[in-house]
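I opened this notebook to record what I looked up in one protein model.

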Amino acid sequence: MGTPAAVVWDPALLAYDLGGDHPFNPVRLELTIALATQLGVLDGVELLRPEPASDEEIERIHEVSYVSAVREAPMVGWDVGHGLGTPDNPVFSQMHEASSLVVGASLQAAAKIASGAANRAVNIAGGLHHAMRDHAAGFCVYNDCAVAISWLLDNGAERVAYIDVDVHHGDGVQAAFYNDPRVLTISLHQNPMTLWPGTGRVTELGGPGAEGTSVNIPLPPHTRDPAWLRAFHAVVPSLLGAFRPDVLVTQCGVDTHEEDPLADLWLSVDGHREIYRVLRGLAEQYVGGKWLAMGGGGYQLLRVVPRSWTHLIATVLDRDVDPETPLPIEWVNDVLRRAPGAELPRTMGEGMDTGFVPWDGTAQQPVDSVIRDARGAVFPLHGLDPDDPRD
Ligand SMILES: [Zn+2]
């Protein structure tokens, strides 16, 4: 028996387009849906068409004055404040409408899970985790992750666990719930000393009354799949067991890839695929399968994002794609028409071994100092022993 799963998608989501040479190019979404379709991953799947989120829903997380500024920015010009009109967050036409549709897509996915219509749901256009209460940041206008979590808390969930595997710190979501003991935010990211936004240290643990519900795992540059997975397994499952969430929300950015132009972790598409399978397993183990998955960063637009997020969609649907599956020729030709001369991979994987040695409590690998620091900071706040690998 398959698990009912929902995929939210509408080409209208491509209107979230920061324009010009901006790295956050919607072609990455378009090519992902095309690849998933041509591989048969979406056969028989009814794609859910989102509605734009209302102001009331967006204002769960954002200031009224900020929402007004976003709405008016395309008419006002570039000097609108709130982080808008910058190289990272340029003003674009229909910015409010496009951004509220992204939020609406994540809300629709959340609603499917809350109603029991689906156990899992995915919105690859979502994951805009840097947006703050009163300003845009890091290509993100409205924080669909935070709005969806807030909505879930008002619609049956008592505790929500949020796991952010983007290469950048999930700062906007952490900030939104820093003082809320009902939301456990866990972010694995490149060390903030070496990457924007410069937050996400292990000492950021949550505010008064919520100590231990903000968890950060800052990984050294050039971390590869096995070390990433070793750190994840040494920290995350125990915390889920202790926190006992009702639903798992994940931001699945793929800018951790070795070829990503904006950052320096060295994961592979095979590693991404393995991460999604692990997240699915954790959802089954700890939250009765309830898994809301969003996209996020990822700027190797042709070679990485479409493959990795096709694996994400496939994993959500229990239609896992073998990494040796050849890329459909139709898809390759479509990409080559858009980007003549692009060097494309031949298969859905990269032949990387994602096997890893579980952390055993000793310090054997460079990543073990991160494991020690993260566990040491947060485990005691959950009644767990940081030194005992069984915890
Ligand atoms: Zn990112």
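**Entry 1. Conventions**

I worked from a predicted model, in which local features need pLDDT of at least 70, side-chain atom pairs count only at pLDDT 80 or more, and totals for chains, interfaces and linings use all residues. I numbered residues from 1 along each chain as its sequence is written, and side-chain values use heavy atoms, with hydrogens and water left out. Helices (H or I, at least four residues) and strands (E, at least two) are DSSP runs, numbered from the N terminus.

**Entry 2. Zinc site**

I asked which protein atoms are the donors of the zinc ion. They are Asp166 (OD), His168 (ND1) and Asp255 (OD), and they lie 1.9 to 2.1 Å from the ion. Donors here are N, O and S atoms within 2.8 Å of the metal (3.2 Å for Na, K and Ca); water is not among the atoms, so sites may look incomplete. I noted the spacing of the donor residues in sequence as D-x1-H-x86-D.

I then checked accessibility, where buried means under 20% relative accessible area, exposed over 50%, and partly exposed in between (1.4 Å probe, protein chains only). Asp166 has a relative accessibility of 1% and therefore counts as buried. His168 is buried too, at 8%.

**Entry 3. Helices α4 and α5**

I looked up how helix α4 (residues 95–115) packs with helix α5 (residues 144–153), and found an angle of about 30° with the axes 9 Å apart. The two helices are therefore roughly parallel. Axes are lines fitted to C-alpha atoms, for helices over the stretch in contact, and angles run from 0 to 180 degrees between N-to-C directions. Angles under 35 degrees count as roughly parallel, over 145 as roughly antiparallel, 65 to 115 as roughly perpendicular and the rest as oblique.

The crossing of α4 past α5 is right-handed. A crossing is right-handed if the near helix is turned clockwise from the far one by less than a right angle, and left-handed if anticlockwise.

From α4, the residues Val102, Val103, Ser106, Leu107, Ala110, Ala111 and Ala114 meet Asp144, Val147, Ala148, Trp151 and Leu152 of α5. I sorted the residues of this contact into ten nonpolar, one polar and one charged. Ala, Val, Leu, Ile, Met, Phe, Trp, Tyr, Cys and Pro count as nonpolar, Asp, Glu, Lys and Arg as charged, and the others, Gly among them, as polar. Contact means heavy atoms within 4.5 Å.

How many residues of α5 are buried? I counted ten of its ten residues as buried, including Cys145, Ile149 and Ser150.

**Entry 4. Helices α8 and α9**

I next took helix α8 (residues 269–286) and helix α9 (residues 305–316), whose axes come within 9 Å and cross at roughly 20°. That angle makes α8 roughly parallel to α9. Here α8 passes α9 in a right-handed crossing. On the α8 side the contact is made by Val269, His272, Arg273, Tyr276, Arg277 and Arg280, and on the α9 side by Arg307, Ser308, Trp309, His311, Leu312 and Thr315. By class I recorded four nonpolar, four polar and four charged residues in the contact of α8 with α9.

**Entry 5. Backbone geometry**

I found a cis peptide bond from Trp196 to Pro197, with omega near 5°. Pro197 sits in the loop between β5 (183–190) and β6 (214–219).

I noted a positive phi, near 55°, for His82, a residue other than glycine. His82 belongs to the loop between α3 (64–76) and α4 and is partly exposed at 27% relative accessible area. His222 also has a positive phi, near 75°. The loop between β6 and α7 (225–243) holds His222, which is partly exposed at 43%.

I placed Arg28 in helix α1 and found it buried at 2% relative accessibility. Arg28 and Val304 are 276 residues apart in sequence, yet 9.0 Å apart in space, C-alpha to C-alpha. Leaving aside neighbours within four places in sequence, Arg28 is in contact with Gly296, Gly297, Gly298, Leu301, Val305, Pro306 and Trp309.

Last, I looked up Thr250, found in strand β7 (residues 247–251). Thr250 is buried, with a relative accessible area of 1%. Beyond neighbours within four places in sequence, its contacts are Ile163, Leu279, Trp291, Leu292, Ala293 and Met294.
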